[in-house]
Amino acid sequence: MLKSKHYNARGLFFSERLTAALRKIPDYFLTIVEAPMGYGKTTAVKEYLNQANVEWLWQTVYDQETMHFWHDFCQLVASVDGECACKLEELGMPEDAMARREAVQLLEGITLNRTWVLVIDDYHWLRDENVHDFIVLLARKELSHLHLVLTTRAAALDALDELKLKGIAQHITQGALELTPTEIIRYYKTCGVSLKKEEADRLYLYTEGWISALYLCLLEFLQEGRVEKPATMQDLLARVVYQPLTEELKEFLLCICLFPSLTEAQAQAMWRQDDAAALLRQLLAQNAFTQFNARTRTYQIHTIFVEYLRRLFAAQEETVRREIWRRAGLWYVETEDYRAAMTSFYQAGDFEGLLTALERDKGNSINSEYKDTIIRYFEECPQEIRAQHPVAGVLFCRELLLFGEMERFSQYAQELTEDLNRIEDATKRNWLQGEMELVGMFTKYNDIAAMAEHIKKAHALLPGVSRLSDHNTPWTLGSPSILYMFYREKGRLQQHAQTLLEAMPSYYALTNGHGAGVEHVMQGELHYGQGDFESAEISSHKALELARSGKQIGSIVSVLFLQLRLAFQRGDLQTVQALLEEMYTEIQLSKQSLYLHTADLCGAFVAAQLKQPENIAPWIRQGEFFSSRLLFPAQGYFNIIYGQVLLVAGEERKLLGISEQLLETAALFPNLLAQIYLYIYIAAANEKLFRREAARKALTSALDLAIPDGLLMPFVENAVYIERLLDEAVCGSYREKGTEFATLIQHYQKSLLRMQQELGSDAGKPELTQREQEIVVLATEGLTNREIGVELGISENTVKTQLKRIFEKLGIRSRALLIKN
């Protein structure tokens, strides 16, 4: 069966409605082409794109797992902007509103000088609402020169009607893809076959106008000389496409059907014989369901044919299937796609290969999205194979701790300890036991002295730097405060800070600087809390130098937050805003998206202090900690911010209603700083509701915890709510702190007033031209550069230039900060 005009003529016989609709792709950001399997939607879109003056990229969804979709989507973006693709890959599939906004902002940063079309084929396989929400948000932004096409068997976007009404999306339905009986006659005639009207009517009845089914019927007609009611599409494929192939080509297809899009090198790795390239070319010449993409140098098998081949593959003997999956795993290892390698080895039942892939990856590809999958792999892996891969065991135990799976960690850590003790090679045994000590250190969070003991043991066992430590592991767990993490005993804060200062150099030596600077951040926070701002600033500079030299984003964020609070108490609003912006920039450059939520907490602190609830991230305002990527130990600090947000919002009753739950979280590790703040908030809420005795009692609890360690600033930051209560307290049991409190409060409130006045006045702001002011108004309303240009009658490039000038005048770098100016 040679590919001929019989196939090539297919695209000529789509209805005029389809042709017109496809031509409108550049008029809409989003086009959805909807029809059941075999209707020719894929062919129609490809043929249109080949003829149109556009650049296009194609992604076919073969796997229902969202993480695979996101990986493939990032690979698609890499063809346009490699840096953007890397950042998207690191961000991971956006699972919340903030992550979706961040992903869209990354895509907004791509500069295109001509039209590009990104096609996601077989979109119906994706049933994750997070994917749908991301597509809708992306559509609403209408990025310049970028268009998205979804081919699907069923449209899944709830917002589709809204997008259509706004002129953002077009929806090409099944009716636009059907060939009428008249068109069927024309199609067959072009291919040299004359049909009578009743024959065309029967074909339409049999196929419902499906172009792919009509094509297969045509081939069968050419072979048999008559038109009969076709069997299923799968039977047609078997008779017309698959059966005429040689036995060698059939075997070859079963080897490569796991990769509907593949290179010659991939085919060679799967086939294991020298003639893979020749077989690919033979398929291309004979098989209309195989195509070659000259741009990507890949061969692609049509989805319909892939589904047929995979059914045949599933019917093969288990040993055959496992061998092919194992070859796929080896290919992915060779190309360093370790997550896909582990999936392939799992399908092959090859746990040796799976654990080897994990060891080569050092666990870097595992994130929260992969949690259930990696746990399933280990639970199903035979114990004797786990025992032969202790490195994988160490990595798995580390991930269990990060996932918060303490019960599973205890189970597997005990098993691993026994396996390590049986290793005869003392050097290897000591190395792995040392690595496990570093992992076990985090089981003692937040007891610095106990953590330090693990560090000492690791130092004695490891021959040098750890080979398994991961700099991307969030040392701060997403908390913007180191003092919050390790302040656990009343009256011993200075000792805690000193112990951390002494323990960290050894840890740095073992991990090549993981977490660099945190000990000086804690020292600085201690000085800040005690009102010694000069010493706090000195410590902050020490910390920042270490953090930046070690590229430790968690430490950098914590330092910047300390410096932000120091600037805040000075009343230096410009520096506060600049530090917050710098924080977001550093996080984006680091590609560690977890800390975007940390930065939101820092921004919420500023907004709450300045009584600007509208500038607080929605997930914080709504108290949705678990919608963030912050790790569980950071929840107590979230509650510090959330409690203040509730006070600013006037929700004192809600604050008191959930106060016991908030205090329970703070007592879990324990985190004394969170307890101090929460008691202050409880006092403030009771005071507002004229519950004086309860207010006094709560404030006394806060003072009893804080004063032994000299912590005054939590009270100073919230003096606006508790000043009268605090006056009573310092006139009584805490008389010796009266002067310090009075001085700090007076200074802080003056600084606060100065910043509030600066925010409420245009005085001192850079002067913007009328045109610049118009652009600012439209930008803050969410209009894209293109929309602003249309609204003002200027080009999109002019808008970009003007915005750049506006950012320079205002001393900012992004649209997000325009609203604050």
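Predicted model: local features only at pLDDT ≥ 70, side-chain atom pairs only at ≥ 80, totals over all residues.

Mentor: Gladly. On one side, V576, L580, M583, Y584 and I587 of helix 31 are in contact with Y595, L596, A599, D600, C602, G603 and V606 of helix 32.

Trainee: At what angle do the axes of helix 31 and helix 32 cross?

Mentor: Helix 31 covers residues 573-590 and helix 32 covers residues 594-609. Their axes come within 9 Å and cross at roughly 170°. Angles over 145 degrees count as roughly antiparallel, so helix 31 is roughly antiparallel to helix 32.

Trainee: Now a single residue, please. Is N639 buried or exposed?

Mentor: The idea is to look at relative accessible area, where buried means under 20%. N639 has 3%, so N639 counts as buried. This residue sits in helix 34, which spans residues 635-648.

Trainee: Which residues does N639 touch, beyond those up to four places away in sequence?

Mentor: N639 touches L662, T665, L678 and Y681.

Trainee: Let me try another one. Where does T343 lie, and what is its relative accessible area?

Mentor: T343 belongs to helix 18, residues 338-347. Its relative accessible area is 15%, and since the cut-off for buried is under 20%, T343 is buried too.

Trainee: What is T343 in contact with, leaving aside neighbours within four places in sequence?

Mentor: The partners of T343 are H68, Y370 and Y377. You can also read a C-alpha separation: T343 and W325 are 18 residues apart along the chain, and their C-alpha atoms are separated by 9.1 Å.

Trainee: Let us step back to the whole chain. How many helices and strands are there?

Mentor: The chain has 43 helices and eight strands. Its C-alpha trace spans about 105 × 80 × 45 Å along the principal axes. Of its 821 residues, 57% count as buried.

Trainee: And how do I read contacts by their spacing in sequence?

Mentor: Take the contacts between residues at least 6 apart in sequence, and ask what share joins residues at least 24 apart; in this chain that share is 70%.

Conventions:
Residues numbered from 1 in each chain as written. Heavy atoms only, no water. Helix = DSSP H or I, 4+ residues; strand = E, 2+ residues; numbered from the N terminus. Buried < 20%, exposed > 50% of the residue type's maximum accessible area, 1.4 Å probe, protein only. Contact = heavy atoms within 4.5 Å. Axes fitted to C-alpha atoms, helices over the stretch in contact; angles between N-to-C directions. Parallel < 35°, antiparallel > 145°, perpendicular 65-115°, else oblique.
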